[in-house]
Amino acid sequence: MNRVRAFAACAIIGLSLAIILPGCDNSPQASAATSPGSGSSPTNSVPNPTAGTTTPTDASANSPATETSADEYVVGHYASMTGSEATFGKSTDDGIKLAIEEINAAGGVKGKKFRLITYDDQGKGQEAATAVTRLITRDKVVAVLGEVASSRSIAGGQVAQQNGVPMITPSSTNASVTEIGDMISRVCFIDPFQGFVCAKFVRDNLKLSTAATLYDRTQAYSAGLNDDFKKAFTELGGKIVTEQAYAGGDADFSAQLTNIRDKNPDVIFIPGYYTEAGNIAMQVRKLGLKSVLIGGDGWDSAKLAEIGGQAIEGAYYSNHYSDEEQRPAVQDFVKKYKEKYGAVPDGLAALGYDAMRLLADAMTRAKSTSGKDLAEAINSTKDFAGVTGVITIDAERNARKPAVILKMQGGRPRYAATIQPK
Amino acid sequence: MTKFLQTLMDGISIGSLYALIALGYTMVYGILRFINFAHSDIFVLGAWLSFSVALCAGWTASGAPLLFPTWLWTVLIVVSVLGPLLYVVERTALPALRSSLGPRVPHALAGGFVVTAAVWAWVLVGLVFLARATTASASFRPLTGVVILVIAMGGCGLAGYLIERLAYKPLRAAPRLNVLITAIGISLFLQNSGQLKFLFGTQPQKMPELMENKPLAVVAGVAINRVDVIGAGTAVALMFALEWLVFHTRLGRAMQAVSYNTRVASLMGIDVDRVISFTFVLGSALAAAAGFLFVMKLPGALRQPADTGWVLLGLKAFVAAVVGGIGNIRGAMLGGLFIGLLEYFGVAYLRPELRDVYVFVLLIIVLLVRPSGLLGKATVEKV
């Protein structure tokens, strides 16, 4: 009798859940469904088999990752495919895949084609280190691409450096990422420049003079960019009226914003990632604050407008490129990306695309595919024509490029200004 | 002064939600003497259920309401036809067969339960449609909120009931440590299964906004938000309802009796299993309400189910239960408010990035100075 009851209870809850949940198929969640949620986290042993399998001859891509056949190069990518920064990983991965598809269609490098293995680090530093270890020791990749978030690039980069495998980070801007060692390089600008860009835009274009900052103490990117902005803003004659911090994972910022409201600054600088930025924007308006919101490239996601809604309208952020730039390289890339994925590429997709193409370019120049030779070839890249600008890797293994400022208007970022390197 | 009042209001607003969650911890502890670590995941389930129902009810910022998939209708209709049919067969044909053929004829008793399931299902469908109907007109939106709250509370109550029945009840006689470990297992199971693609997925979502994101009034420089007022009001109303239920009804008295001494209570004719089930349903429903109010207050904070931010919220509610005196219902309410105020005043007046530190330092102090909590009675544990 009890068993029957338990069964009936199961039936009831199953039914009620079945009613409530699947009706939401067309919801914004549907976008999550397209991400490879097949659990390719480092702890479970299924690599993402769909990546880089676009040419018909490349059927071997579905074979286990451990078999590195002689006629292909395996490239590893670790990214946050799930979690609060999920669009970072997804966009970058799509950009890399598009690049691989093109390179393979053109015959590959030295007669060999590329195959991509992507692992999800779930947005956790520890998982990032595990993912890179696994890419290097088990999958024997020639090079590693990733991450977006600087803290995770630092975690993964240390592993790559120890193992002597080159790593290119597409979009980690914290200065200390490439300071790990000669194996680590990047195709984007760094935060001291980004902080300067934001400060200059506020001072010269918006002509505003007081700023408050609200940053994430637990993210290297956020804390570093906060310092860089403060320094640049003060040098340009602005005044930082208050500086507030939070810890990643916080959802309620009302206490920090109350402190900021007391000082009534012209702008609030928020060097966080998009989920928190959207959240903060909403709470800023809820408190009745009218300050202009400014952020960095961590805001770059379609989710920003979805979460921030009306509150994020009129906010500015610095980025690596804008899809509205009229340069032929940009328009060509936007067209190809739209054809393949049906969406406008964000800056992270463009940087993923550039990083992969730069890697392929370096491989044509490298003496061999050993880690040392390949790193040397990457580090000596000069005037590489990328979507996000002309890339020259400098002595600190960073790229020097202009930055753009985007303005949120009508639910999407619009091009506002370009700021050149000092 | 403005800052003080604003912080006070924010602290009360979040504290009342901690209190709602803490009640579930404290009630279960009061009766079964173990910490139900899966409770914070019920809170998460409540938040995500609210989101799902809101979407099903067409309560999005833009776009048409979502429709139920056709297979669901098919299942519903099959179940609601099959149920009564089985029931009728059991009532009419089977007893006759059984008397002539002996006990080999199987029971179709499940028919009755299928009917129950079908009724439940239709009630839920009806509620969702009511929600959808009220969404169309802006003036009825509060009603939509109530419907979502009811469905979330019902769904989580059911989940709580099932967890108790399937996971904890078989361990009633086992050592307490086994139950504790099981609770952690259930917690992990809920977190990770919630991330399945066809459930809630792995990305954070934004709860559609019930009310305009604007201060209702600004009094003495303090922004008073409609959402906060309604949220705190609902929480307080639910706490009053619980207070009445526990201290002024037969069932509540039975709960108190079981909490005082389970064996004697069962000797006095109290159905202990039922009281325990009821406690779980009640606690889970309150957690679901907290989940709903939380995502109403912070629509952008609907993180993926396994996000550590949720665990932290659950832990703070647990601290609230301990600070108030675990096992004591009024203590949990007081503890929740206390934790909320402590956290927000700490963030506003001391260092903001240490918000979790204040709460856990308080836990340590309470455990050192007054281990039984603010309102708890000191008991002597026989070793």
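In which sense do strand β6 and strand β8 of chain A pair, and over how many bridges? The close-ups below come from a predicted model.

**View 1. Strands β6 and β8 of chain A lie side by side in the parallel sense.** β6 covers residues 210-216, and β8 covers residues 267-270. Three bridges join the two strands. In one of them, A:A212 has A:I268 as its partner. Helix α7 (residues 220-235) of chain A packs on the sheet. Helix α7 touches β6, β7 and β8, and its direction makes about 165° with that of β6(A).

**View 2. Seven strands of chain A build an open sheet.** The order is β7-β6-β8-β9-β10-β13-β14, with mixed pairing. β7 (239-246) and β14 (412-419) are the edge strands, and each pairs on one side only. From one strand to the next, the twist averages 25°.

**View 3. A:R152 and A:D121 form a salt bridge.** Their closest N and O atoms are 3.9 Å apart. The pair links distant parts of the chain. A:R152 sits in helix α5, while A:D121 sits in the loop between β2 and α4, 31 residues apart. Both residues are buried.

View 4. Buried or partly exposed: which is A:K200? A:K200 counts as partly exposed because its relative accessible area is 28%, and buried means under 20%.

**View 5. A:D227 and A:K230 pair in helix α7 of chain A.** The closest N and O atoms of this salt bridge are 3.7 Å apart. A:D227 is partly exposed, at 41% relative accessibility. A:K230 is also partly exposed, at 21%.

Notes:
Residues are numbered from 1 along each chain as its sequence is written. Chains are lettered from A and ligands numbered from 1 in the order in which they are written. This is a predicted model: local features need pLDDT of at least 70, side-chain atom pairs count only at pLDDT 80 or more; totals for chains, interfaces and linings use all residues. Side-chain values use heavy atoms; hydrogens and water are left out. Two strands pair if DSSP finds at least two bridges between them. Helices (H or I, at least four residues) and strands (E, at least two) are DSSP runs, numbered from the N terminus. Axes are lines fitted to C-alpha atoms, for helices over the stretch in contact, and angles run from 0 to 180 degrees between N-to-C directions. Contact means heavy atoms within 4.5 Å. A salt bridge is a side-chain nitrogen of Lys or Arg within 4 Å of a carboxyl oxygen of Asp or Glu. Buried means under 20% relative accessible area, exposed over 50%, partly exposed in between (1.4 Å probe, protein chains only).
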